[in-house]
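Here is a short note to read alongside the model. Please keep the structure open as you go through the points.

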Amino acid sequence: MARYLPLLDDAQRRAFDHPPKWTAAQRKLYCSLPDWATQVLNSLVTPHSRGGFVLQVGYFQPTGRFFSTDRFRAADGAYVQQRYRLGEVEWARYDKATRFHHRQLILQQFGVAPFEQVETVVRAQVTHFARQQMNPVAVFHSAADYLRARRWELPTYAGLAGVVTEAFRTVEERLTTQLALHLTPAVRQQLDALFTTEADEPAHAHRPYRLTTLKRSLELMRPAAIRANVQDYTVLQALFAQVHPVVQALDLSEEVVRYYARYVERAQVFQVRQQADKKYLMVLCFVVYQYYQVGDLLTETLLQAVQTHRNAAQRETQERVYRQQQDTAAQLRELLDGVVSHGAALAQLEDVAFSFARTNEEKVAALLAWLQTPDVAAFAQLRQTAQQLRKGGGGSPTGPYYQVVEERSRTLQRRLGEILRRVAYEGAADSPLALALAQYRARDGQVGSHPPTCFLKPAERTALAEAASPVSLYKALLAGHVADHLKAGKLNLAHSLRYRPFDTYLLDATTWATQREQLLLQTNLTDWREPGSFLDALHTKLAAAFARTFDRLAAGTNPGVKTRADGRPRFLTPAQPVDEEAPPPRPLFPGPGLISLHEALHTVNQACRFTECLQHWSPRNRPPRPAERVFFAGIMAYGCNLGLTRMAHATKHVAQSALENTVNWYFSLENLRRANDAVVALTGKLPVSRLFQRDPNQTHTSSDGQKYYVAVDSIHATYSYKYFGQEKGIVSYGFLDDRHRLFHSVTISASEREAAYLVDGLLHNDVVESTIHSTDTHGFTEVNFAVTYLIQVAFAPRIQSFQDQQLYAFAGMDVPDLTAYALAPVKRVDRGLIEAQWKPFCGSS
């Protein structure tokens, strides 16, 4: 490993090791000394000592660091000379001993610990950071933030980079040593086999390495693609069983596993194989991470296939019921016409039978003649029609639904049969479905004559007993219940990123018990040890909100509420009043003209250097950096949905191989987010952005989803008749602030609710700090109200028919009769339940 890891480039390193560049206002602010510093200044005699002390105090406040005289900025020195009337200053005489004395004095007065005093603690914490993630640049910035948060002195770039480099060297040496101890010959042989081909011959385009074949994951719903994913999952499952004990012994964090796995995905096989000391560690992480990913992909396939099957079955059921109703109506008319006609003939026979003008022989002859007429033969056929009407299912609440499910089961089995047999979904020990699924896997998909049916609903059991093919119907019902239980969290995938048990995402009980106080201190939750004061404050605040709201309703001063004729309120959105004194709008941008996208990107990049955020995936062995035009070409290829091939053909001086290599190694999700943050930060500095801000004292953000039609086959695209008709699409859920800065976005399925992703957008950015957030009804849940309150963000959703929502109040709170306001009666908050759940959360005894 090099002496220092390449953490910052030359410009960033110079910015870190030099004092900040101040504006005139900042220079005046930071060079204004506090009282204690003024007393010290008055005790100093020489101009260079006085001037050096003022600048060290000024530079230390925003940076937490001290600087040598050769790095003092000339404008700052001239300002200090003039303001404090120092006269001519020989800065070279401000020697090391004087700087050291001033440093000790400033640290003591500001209550900041010197770096050498806390260096051991810092090294331990940075080593912990390095074990959690393998991005040295992120660890460097985290270490700097850690020092600032604890009011500890920041060292020079070389000092902090040395700590980070040593931490990564320690972590890698420890991992290498542990790996050598736990890597058995059998596991080593399994991993070496990944660097060979199936025929043990040299690899080429049609004979790839085994490792290369495992990198694929086909995100399609076609049966052939699903079978290929299941085959990969089976191979990975066998490998995972071999390597998982080694990974557990190494105690690798999820971030470390993801880093090495992504490196293997990006690299060529020879690039991985040539790293003799780390290739096994890399492949271990790749097997684990890919096993998790493919398992999640198959689970998502199962969920979407079941939903598609159900939608198709319901649609076909409706069509059959409609056709059946038409056929039933015709048969019913036929039956009624026959009964009426037969009734008229019986009336005539009755007249003959009771006639005194005819003899018995004549009456018998008339009856026999009538029995031989075509009408009697036709009436006999009506018995079959009546039986068909009786069996038609018109009285069944589901109609022919289960019959359709049974008939379509073959199509579903072609997609999900292998998934249910290979993927080990687990549930509670007493779960009837988990037991049935385990038996299904143990029999390799063979149901048998008496499969377990305890998990089925009564109507499903009845349909299964009457089914023409019970096996087909049973498998379809089993898949449906598995999908429902996965969504509800009653079934889980133990080795997964998205579908594992909820408790595995939390701290284990031992860690919480031993590190409780430290964790509360790190997360600034020490005030929440006891729920009493928190709930009391919330009680007072909620009571005041109820009183203020209903006092305004009673007084009629709420502009959003009008009174109906019957005295009940009518809720509406008042129109925005017109500002008569507002100046006429003026165009913000110049008139018509053409500006190339490349020029726009180049201009923005000159101002914020967002391309510097696109760093090579490997922090150690970095090749020469591509030209900026290559980065611009990659951004335009994705941003304009052109693809890399078309972009390379349309771009001069950018080879397709260079473009693909750049996108592969530099365009990670983390890098793109940092680049977007740089652009967002630049936008916030522009004066024009402040024109859109209504209140400079708060940041109002909002989020909403935009639907996009997807023309290609993708497992992530789902149906939404409202937006796509009979086609599929996705949703881009974006977050925007009141200065029109798009600071976060995520792509989700069109069938998912946006509310689950709201908190992610508020927390996963380092630029925009929201104080109030708004969404539409699709982004609202009661849980989001609670979580946003805890992170100190006011949640103000625009809820359609909000008067139908349930309101809550603490017990003992004075709340008027809400039914008088056309609102649902208030429900009471169970404070005892909150306190009971609070104790294990915050560690109360």
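This is a predicted model: local features need pLDDT of at least 70, side-chain atom pairs count only at pLDDT 80 or more; totals for chains, interfaces and linings use all residues.

1. Look at residues 7–167. UniProt lists this stretch as "domain: DUF4158", in an unreviewed entry. In the model, residues 7–167 are 68% helix and 0% strand.

2. Now move to strand S7, residues 728–737. Why is S7 described as largely enclosed by the rest of the structure? Seven of its ten residues are buried, meaning under 20% relative accessible area, so the strand is largely enclosed.

3. Take the pairing with S5 next. Strand S5 covers residues 700–709, and it pairs with S7 over nine bridges. The sense is antiparallel. To find the pairing on screen, look for Lys707, which stands opposite Val731 in S7.

4. Strand S6 spans residues 718–719. S6 also pairs with S7 in the antiparallel sense, over two bridges. Here Thr718 has Gly729 of S7 as its bridge partner.

5. Then check strand S8, residues 742–749. S7 and S8 run antiparallel and are joined by seven bridges.

6. Finish at the turn. How many residues lie between S7 and S8 in their hairpin? There are four. His740 sits in this turn, and its phi is positive, at about 60 degrees.

Note on methods: Residues are numbered from 1 along each chain as its sequence is written. Side-chain values use heavy atoms; hydrogens and water are left out. UniProt positions are given in the numbering used here, feature names are shortened, and annotations may be inferred rather than shown by experiment. Buried means under 20% relative accessible area, exposed over 50%, partly exposed in between (1.4 Å probe, protein chains only). Two strands pair if DSSP finds at least two bridges between them.
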